[in-house]
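Subject: Handover of a structure, with notes

Dear colleague,

Please find below the sequence and structure that I am handing over to you. My notes on it follow directly after.

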Amino acid sequence: MLISEWADGNRYLSSAASSEPGKWQTSRTPYLKEIMDCMTSRPPYHKIRRIVIMKGHQVGYTEGVLMNFLGYTISHQPAPTMMVGPSEKNIKKIAQQKLDPMIHSSPVVRKNISTYSRSTTRNTIIHKDFPGGFLVLCGATIASDLAATSVKNLLLDEVDRFPLDTEGEGSPIELAIGRTAAYNRRKIIMGSTPVDEETSVINKWFEAGDKRYYFVPCPHCGYYQKLIIENLIFDKENIDLGVTYKCSHCAKEIHESSKTLMLEAGEWRATATEASETIRSYHLNSLYSPVGFLSWADVAKAKIKSETDDVFEKTFQNLYLGLPSTQAADDFPSAGLLFKKGGTYPEGEVPTFNGKPISFLLAGVDVQDNRIEILVTGWHRKICFVIEHIVLWGNTNNDAHQAPWIDLTDLLEKKYPTKGVDLGITQMAIDSGYIPHKVFAWHKSLKNPKIVRVIRGVHSIDAIISFPKLMEVSVYSGKKSKRGNRYFDLNTHYLKREVYKRLLIDSEEITESSILFPEKMSREFYEQLCAERMVLADSADPMDRTGVRRYKWRAVRERNEILDTMVYNLGCWYGCNANRYSQSDERWDKFVNIKGRFI
Ligand SMILES: [Zn+2]
């Protein structure tokens with residue numbers, strides 16, 4: 001029996017897991033039939049070892065591919081089976097929201113599941129036993145779980161969100177695949193929404209396979225074609241007028257009401273000229289989502305949003321088109337290019353701009369266990385001049401009157417010579433995230449604490465910098481501060497994007513948002529500045545119907561203090577309200593004079 005036949009005869013969707021409860025119908029998502037069937041060991045599918053599915057969302061993958069395969073395995077073709085998700089949390093969610101409802105609502109599956117529960121010292125693995133086999137579910141984050149057992153079937157879900165390395169043991173994908181080595185007739189099923197082209201595993205394996213696309217016939221001329229976003233027709237200003245599809249052969253408009261018939265008559269066609277017969281690879285975008293799931297209008301709306309929102313553009317590419325995004329290469333500054341471009345003034349000296357010395361200095365401070373790193377910047381309106389990078393070495397657990405803290409106090413007194421008056425730091429932002437009680441203790445020791453802003457980086461607030469907040473640091477020091485300690489939340493997500501946008505400005509001239517550097521800064525300096533990328537947050541739910549996915553920043557190298565301190569400088573600039581005075585030279589001069597009086 002093929003999996004699609006088994007599913008049509010035996011599989012029920014529960015109301016808990018599905019928006020369309022009742023008997024499973026392969027005809028609802030006909031493109032899943034071949035994918036399901038090639039997971040069986042019967043001819044003509046017996047030579048296929050690896051099945052790769054690169055997909056957009058709302059195509060029915062979790063129920064149609066993963067759950068049907070597991071139901072078939074448990075009740076019809078038993079074998080040792082493992083399913084791995086990006087994290088323990090994620091796999092538990094799938095077990096609760098998809099697997100358990102599948103088992104309970106399909107009688108032939110339920111009767112095979114052993115009620116005997118294994119005793120295990122770890123609760124990070126989920127076990128299900130059935131006659132002739134077992135099912136193990138675990139997250140890709142725990143190496144010992146991945147290496148725990150030998151299996152014939154391996155399902156790797158959302159591989160593009162797996163960690164690159166699991167606890168120093170190497171790639172979790174390779175670790176898991178290693179578990180199938182004892183079985184000649186193993187089946188490895190790898191599915192994912194792709195993420196970054198730079199690191200995408202699913203894209204790499206899709207390319208290695210026979211690259212199948214689902215071709216559907218035009219209802220007018222009968223020409224078979226794959227559905228592509230470029231052929232969607234809609235009026236941007238008035239989407240409610242309707243969204244249709246233009247046949248790439250006869251150019252006639254196709255209404256979405258024809259989609260059901262087109263999907264039914266569709267077929268998978270391999271497009272790779274040379275491909276291994278052991279790897280099948282499938283691509284599915286959200287335009288194929290059946291009527292009632294995600295409509296062409298939904299896709300068009302998302303497309304419109306993606307044109308004005310650069311974070312959503314990535315989401316759209318990944319989640320709707322099922323394609324990896326190339327933003328990593330295009331939309332992040334290159335350390336190599338910045339290093340090559342270099343700077344024009346000596347480090348530690350205040351440069352002049354339009355014949356006048358820069359007269360407003362800020363500093364951003366990052367605290368590590370063995371050092372404090374500071375980036376000093378000068379500003380003319382929005383233009384940022386990096387003045388110097390300072391590292392104060394010493395154990396930061398020391399008291400405020402000892403190094404490196406005392407050196408930081410001294411820095412607040414430092415005067416930078418200019419052709420006019422000597423210049424000090426107007427305002428400093430220091431990150432309290434690492435050891436808050438030490439930062440607050442140092443802050444309290446200052447003669448003029450007002451020139452230092454204690455900040456805490458956060459990912460999502462509605463502002464760039466929050467109103468002052470109070471923190472009781474009892475959890476860190478054991479002592480309770482009576483009045484609390486004043487600090488500000490800083491929207492580092494927004495500020496990193498802004499720093500990167502400014503660094504990407506490709507101009508020989510100084511623009512109003514330029515960031516300029518001193519000469520002879522090291523390659524390492526620029527590497528640290530360009531050290532982060534935006535990636536999908538691990539907690540994002542792959543089954544989210546709304547299509548909202550959260551992005552977070554991930555360091556692509558170990559050290560990134562330069563980026564952090566740059567972000568604190570820019571946050572400090574906003575914190576001083578400098579943006580409100582940056583429209584003209586006159587306003588800016590006034591602002592600098594007022595600020596200067598407080599020092
Ligand atoms: Zn046509």
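Predicted model: local features only at pLDDT ≥ 70, side-chain atom pairs only at ≥ 80, totals over all residues.

Overall picture

The protein chain has 20 helices and 27 strands. Its C-alpha trace spans about 85 × 65 × 45 Å along the principal axes. Of the 599 residues in the chain, 42% count as buried.

The chain is divided into two domains: domain 1 covers 3–217 + 270–292, and domain 2 covers 335–474 + 491–597. Their centres, taken over C-alpha atoms, are separated by 46 Å.

In soluble globular proteins, nonpolar side chains tend to be buried together. The largest nonpolar core of this model holds 84 residues, and within it V52, I53, F69 and L156 touch the most other members. Helix α3 (residues 61–75) gives the most to this core, namely eight residues. Which residues does I53 touch, not counting those up to four places away in sequence? They are I35, Y61, V65, G191, Y282 and L284. Another core, of 56 residues, lies apart from the largest one; W379, L490, L503 and L529 are among its members.

A sheet and the helix beside it

Strands β11, β12 and β13 form an open sheet in that order, with antiparallel pairing. Its edge strands are β11 (232–233) and β13 (253–254), each of which pairs on one side only. Two bridges link β11 with β12 (residues 244–246) in the antiparallel sense, and I233 stands opposite T244 in β12.

The buried residues of α10 are W296, V299, A300, A302 and K303. These residues are on the same side of α10, because they cover an arc of only 160° around the axis. Among the elements that cover them are β11, β12 and α11 (310–320).

The surroundings of D366

D366 lies in strand β18 (residues 361–367). Is this residue buried or exposed? A residue counts as buried if 20 or more other C-beta atoms lie within 10 Å of its own. D366 has 24 C-beta neighbours inside 10 Å and is therefore buried. Leaving aside neighbours within four places in sequence, D366 is in contact with E373, D431, E561, D564 and T565. Of these contacts, D431 is 65 residues away from D366 in sequence, yet the C-alpha atoms of the two are 5.6 Å apart in space.

Details of the backbone

Two cis peptide bonds may be located in the model. One joins P43 and P44, with omega about 5°; P44 lies in the loop between α2 (32–37) and β3 (50–55). Another runs from A403 to P404, with omega near 0°, and P404 is placed in the loop between β20 (383–393) and α14 (405–413).

Two lysines also deserve a look. K211 is not a glycine, although its phi is positive, at about 50°. This residue lies in the loop between α8 (201–208) and β9 (212–217). K211 has 20 C-beta neighbours inside 10 Å, so it counts as buried. With 10 C-beta neighbours inside 10 Å, however, K520 counts as exposed, since the limit for an exposed residue is 12 or fewer.

Yours sincerely,
A colleague

Terms used:
Residues numbered from 1 in each chain as written. Helix = DSSP H or I, 4+ residues; strand = E, 2+ residues; numbered from the N terminus. Domains from an automatic or database assignment. Pairing = 2+ DSSP bridges. Arc of directions from axis to C-beta. Contact = placed C-beta atoms within 7 Å. Core = buried A, V, L, I, M, F, W, Y, C linked by C-beta atoms within 7 Å.
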